[in-house]
Amino acid sequence: MEASRTSGVRGTTWTSPPSGADRTPLPSGPDGPGAQEQRRTGPLIVTEDLGLLDDLLRLCAAAGVEPEVHHRVPERRASWTDPPLVLVGDDAAARCRGAARRPGTVLVGRDRDDSGVWRLAVEIGAECVLRLPDAEGLLVDRIADAAEGVGRQATTVGVVGGRGGAGASTLACGLALAAARAGRRTLLVDGDPLGGGLDVLLGGEREEGRRWPDFAASKGRLAGGALEESLPSVRGVRVLSWGREPAASLPAEAVRSVLAAARRRGGVVVVDLPRAADPAAVEALAQLDLGLLVVPGELRAVAAAHRVASSLSAGVRDLRAVVRGPYATGLDERWVADALRLPLAGELPYDPGIVADQDAGVPPGAEPRGPLGRFCDAFWARALAPGGAA
């Protein structure tokens with residue numbers, strides 16, 4: 001009699017990571033951050049090879065999913081057609097002949113010398129053949145992608161000051177709040193360890209959740225849903241900021257893992273970046289869809305911004321100027337953008353009320369009728385329109 005599910009599959013914890021697929025799992029209790037991610041529906045595994053099954057269960061655990069295991073094609077049609085992915089062991093491929101063709105079927109084996117495995121893959125409609133252990137990293141990503149669902153990646157915008165005090169953090173917060181107001185899934189990332197903390201600027205420094213130091217050892221793939229749920233939420237925005245301890249540099253690999261996970265969930269990601277291009281910042285720049293260089297309308301700021309723009313140009317595929325008033329005599333937003341040889345993303349009007357609002361506990365851009373709120377709403381209306389650009 002066929003065992004419909006391998007005993008111990010649900011809730012099993014595996015401590016050994018798959019080779020080539022290191023990851024830092026997010027800690028969680030039964031109801032803590034990451035719990036929902038751990039309960040995600042995983043693939044269907046079809047095999048009687050206990051060694052292969054052990055490997056596949058380990059890879060599923062690394063991807064944070066719970067698989068269903070059968071020795072042959074399940075009698076219930078939905079058990080075959082509904083899972084996001086089907087992993088067929090090469091020992092069970094012959095038993096899967098005649099099953100309904102479905103997308104997301106992968107034939108998995110270990111024997112490099114078995115030339116007949118490709119014929120079996122064609123017969124069962126498999127999309128590809130993966131050999132273990134070489135393909136373990138690839139298979140973990142395939143399992144996690146299938147469980148999470150891979151749609152359009154988040155629109156990712158980075159904000160950089162042309163000089164100190166240009167207002168980059170203020171604009172980053174305003175953009176994040178405007179995106180959340182528009183109903184977008186929004187994640188605000190503080191990429192400047194010396195900036196004082198975006199959670200403070202938003203008024204969320206007391207909110208519980210993980211900060212950058214918790215991700216310093218991250219590498220490989222992080223689960224996007226677990227990352228999001230672990231972060232503080234302020235006014236509808238998930239915020240990844242710095243803690244109150246002394247700032248420390250982040251490995252570029254940690255930045256790569258975190259931003260890739262954040263982008264995978266779709267919506268909007270806003271990154272506040274430092275002017276100095278250290279390895280972590282360079283990694284963040286590479287993941288941007290659009291960079292905004294904030295430049296006050298005065299000559300010294302333009303001179304400083306020119307140097308910043310030169311250092312960013314190699315890493316950002318689309319860099320544009322946001323020019324902020326008030327202006328020195330003879331300058332306007334078009335003159336500043338032309339002097340920097342950058343497209344003009346827009347003029348950010350001077351808003352003398354921002355400081356007073358912050359003193360009153362109102363984050364920059366929280367008021368949609370204010371100059372910053374109107375600018376950010378208009379920016380997203382252009383950037384997020386089908387085929388639109390800021």
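This is a predicted model: local features need pLDDT of at least 70, side-chain atom pairs count only at pLDDT 80 or more; totals for chains, interfaces and linings use all residues.
**Helices, sheet and cores**

Helix 11 and helix 12 cross in a right-handed sense. Their axes are 10 Å apart and meet at an angle of about 30°. On the helix 11 side the contact is made by Leu299, Val302, Ala305 and His306, and on the helix 12 side by Trp335, Val336, Ala339 and Leu340.

The protein chain has 14 helices and 13 strands. Of its 390 residues, 51% are buried. Contacts between residues at least 6 apart in sequence can be sorted by how far apart the partners are, and 71% of them join residues at least 24 apart.

Eight of the strands form an open sheet with mixed pairing, in the order 8-9-7-10-6-11-12-13. Strand 8 (233-234) and strand 13 (344-348) are at the edges; each has a single partner strand, so one side of each lacks a neighbour in the sheet. Further in, strand 6 (residues 155-161) and strand 10 run parallel and are joined by six bridges. Within this part of the sheet, valine 157 is opposite valine 270 of strand 10.

What does the largest nonpolar core consist of? It holds 41 residues, and those with the most contacts inside it are Val189, Trp212, Phe215, Leu293, Val295, Leu312 and Leu340. At least two residues of this core come from each of strand 7 (186-190), helix 9 (252-264), strand 10 (268-273), helix 10 (279-286), strand 11 (290-296), helix 11 (299-312), strand 12 (319-324) and helix 12 (333-340). Helix 11 gives the most, with six residues. Another core lies apart from this one; it has 36 residues, including Ala172, Leu290, Ala345 and Leu384.

Two residues show the packing in more detail. Leaving aside residues up to four places away in sequence, leucine 312 touches Val160, Leu285, Leu293 and Leu319. The second residue, valine 316, is in the loop between helix 11 and strand 12. Is valine 316 buried or exposed? Its relative accessibility is 8%, and because the limit for a buried residue is under 20%, valine 316 counts as buried. With residues up to four places away again left out, valine 316 touches Leu285, Leu288 and Gly291. Valine 316 and alanine 286 are 30 residues apart in sequence, yet their C-alpha atoms are 6.2 Å apart in space.

A further helix pair is formed by helix 6 (residues 168-181) and helix 14 (residues 371-383), which pack at an angle of about 60° with their axes 9 Å apart. Helix 6 passes helix 14 in a right-handed crossing. Helix 6 contributes Thr170, Leu171, Gly174, Leu175, Ala178, Ala179 and Arg181 to the contact, while helix 14 contributes Leu372, Gly373, Phe375, Cys376, Asp377, Phe379 and Trp380.

Glycine 109 is opposite arginine 131 of strand 5. Together with helix 4 (residues 116-124), strand 4 and strand 5 make a right-handed β-α-β unit.

Technical notes: Residues are numbered from 1 along each chain as its sequence is written. Side-chain values use heavy atoms; hydrogens and water are left out. A nonpolar core is a set of buried Ala, Val, Leu, Ile, Met, Phe, Trp, Tyr and Cys residues joined through side-chain atoms within 4.5 Å. Buried means under 20% relative accessible area, exposed over 50%, partly exposed in between (1.4 Å probe, protein chains only). Helices (H or I, at least four residues) and strands (E, at least two) are DSSP runs, numbered from the N terminus. Contact means heavy atoms within 4.5 Å. Two strands pair if DSSP finds at least two bridges between them. A crossover is right-handed if, with the strands pointing away from the viewer, the path from the first strand over the helix to the second runs clockwise. Axes are lines fitted to C-alpha atoms, for helices over the stretch in contact, and angles run from 0 to 180 degrees between N-to-C directions. A crossing is left-handed if the near helix is turned anticlockwise from the far one by less than a right angle, and right-handed if clockwise.
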